[in-house]
Amino acid sequence: SANPNTHMTKEAIMEAANQVMSQRQMALAKQDFLRSYKALNSPDSYNKALTEWNKVADPRIFQWEHMDAGEKKSMKGSMSAKEQADFRKKIERAVELGIVK
């Protein structure tokens with residue numbers, strides 16, 4: 001992962017900072033998502049929920065919602081058609097699970 005530093009351009013620093021923030025948001029979202037399953041004290045339920053989480057775990061999902069149209073276009077442009085389709089599916093499933101809005 002990238003870490004902002006003084007040898008980077010302003011744009012590169014902002015991109016790296018956004019990536020780091022998205023990773024932290026994802027970690028907090030994971031805790032929130034799994035909290036109710038952990039409270040059930042059922043390893044099977046927790047493991048199923050963790051499996052669902054792992055299918056959609058991608059820090060770019062959390063970065064996406066804070067991007068403007070140009071940044072979204074640039075991110076999509078850096079992906080292959082298959083990667084775009086997979087990313088779209090991850091976002092849709094994350095919304096279904098209540099991980100993102």
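Student: Which residues touch the most other members of the largest nonpolar core?

Tutor: The model is predicted. Its largest nonpolar core has 18 residues. Those touching the most other members are Trp-53, Ile-61, Phe-62, Phe-87 and Ile-99.

Student: Which helix gives the most to this core?

Tutor: At least two core residues come from each of helix H1 (10–39), H2, helix H3 (59–64) and H5. The top contribution is 4 residues. The helix that supplies them is H1.

Student: What pattern does the chain follow, read along the sequence?

Tutor: The secondary structure comes to 5 helices. The number of strands is 0. Read along the sequence, the pattern is therefore α-α-α-α-α.

Student: What share of the residues of the chain count as buried?

Tutor: A residue is buried when its relative accessible area is under 20%. The chain has 101 residues, and its C-alpha trace spans about 50 × 30 × 20 Å along the principal axes. The share that counts as buried is 23%.

Student: Among contacts between residues at least 6 apart in sequence, what share join residues at least 24 apart?

Tutor: Contact here means heavy atoms within 4.5 Å. Taking the contacts in the chain between residues at least 6 apart, those that join residues at least 24 apart make up 51%.

Student: Which residues is Ile-61 in contact with, leaving aside its neighbours within four places in sequence?

Tutor: Ile-61 is among the core residues that touch the most other members. With its neighbours within four places set aside, its contacts are Val-56, Phe-87, Lys-90, Ile-91, Ala-94 and Val-100.

Student: Where do the buried residues of H5 fall, seen down the helix axis?

Tutor: Phe-87, Ile-91 and Ala-94 are buried in H5. Seen down the axis, the buried residues of H5 keep within an arc of 65 degrees, so they line one face of the helix.

Student: What covers the buried residues of H5, and which exposed residues does the face turned away carry?

Tutor: The cover over the buried residues of H5 includes H2, H3 and helix H4 (69–77). The face turned away from the buried side carries exposed residues. These are Ala-81, Lys-82, Lys-89 and Glu-96.

Student: How far apart are the end C-alpha atoms of H5?

Tutor: H5 has 16 residues, and at 1.5 Å a residue they should span 22 Å. The expected span counts one less than the number of residues. The end C-alpha atoms agree with this, being apart by 23 Å.

Student: Which residue with a positive phi follows H5?

Tutor: The phi of this residue is near 80 degrees. The residue that follows H5 is Gly-98.

Student: How many aromatic pairs does the structure hold, and what kind is the pair of Trp-64 and Phe-87?

Tutor: The structure holds 3 aromatic pairs. In the pair of Trp-64 and Phe-87 the ring centres are 5.6 Å apart and the planes lie at 70 degrees. Planes over 60 degrees apart meet the cut-off, so this pair is edge-to-face.

Student: Which helices hold Trp-64 and Phe-87, and are the two residues buried or exposed?

Tutor: Trp-64 lies in helix H3 and Phe-87 in helix H5, so the pair ties together parts that are 23 residues apart in sequence. As for accessibility, both Trp-64 and Phe-87 are buried.

Student: Which residues form one aromatic cluster?

Tutor: One member, Trp-53, is also among the core residues that touch the most other members. The cluster is formed by Phe-33, Tyr-37 and Trp-53.

Student: How far apart are the closest N and O atoms of Asp-86 and Lys-82?

Tutor: Asp-86 and Lys-82 both lie in helix H5 (residues 81–96), 4 residues apart, about one turn of the helix. Asp-86 is partly exposed at 30% relative accessibility, whereas Lys-82 is exposed at 59%. The two form a salt bridge whose closest N and O atoms are apart by 2.9 Å.

Student: Which residues are linked in a network of salt bridges?

Tutor: Glu-52 forms a salt bridge with Lys-55, with 3.3 Å between the closest N and O atoms. Arg-93 forms one with Glu-96, with 2.9 Å between the closest N and O atoms. Arg-93 and Glu-96 are 3 residues apart in helix H5, about one helical turn. The network links Glu-52, Lys-55, Arg-93 and Glu-96.

Key:
Residues are numbered from 1 along each chain as its sequence is written. This is a predicted model: local features need pLDDT of at least 70, side-chain atom pairs count only at pLDDT 80 or more; totals for chains, interfaces and linings use all residues. Side-chain values use heavy atoms; hydrogens and water are left out. A salt bridge is a side-chain nitrogen of Lys or Arg within 4 Å of a carboxyl oxygen of Asp or Glu. Buried means under 20% relative accessible area, exposed over 50%, partly exposed in between (1.4 Å probe, protein chains only). A nonpolar core is a set of buried Ala, Val, Leu, Ile, Met, Phe, Trp, Tyr and Cys residues joined through side-chain atoms within 4.5 Å. Rings of Phe, Tyr and Trp (its six-membered ring) pair if their centres lie within 6.5 Å; planes under 30 degrees apart count as stacked, over 60 as edge-to-face and the rest as tilted. The arc is that of the directions from the helix axis to the C-beta atoms.
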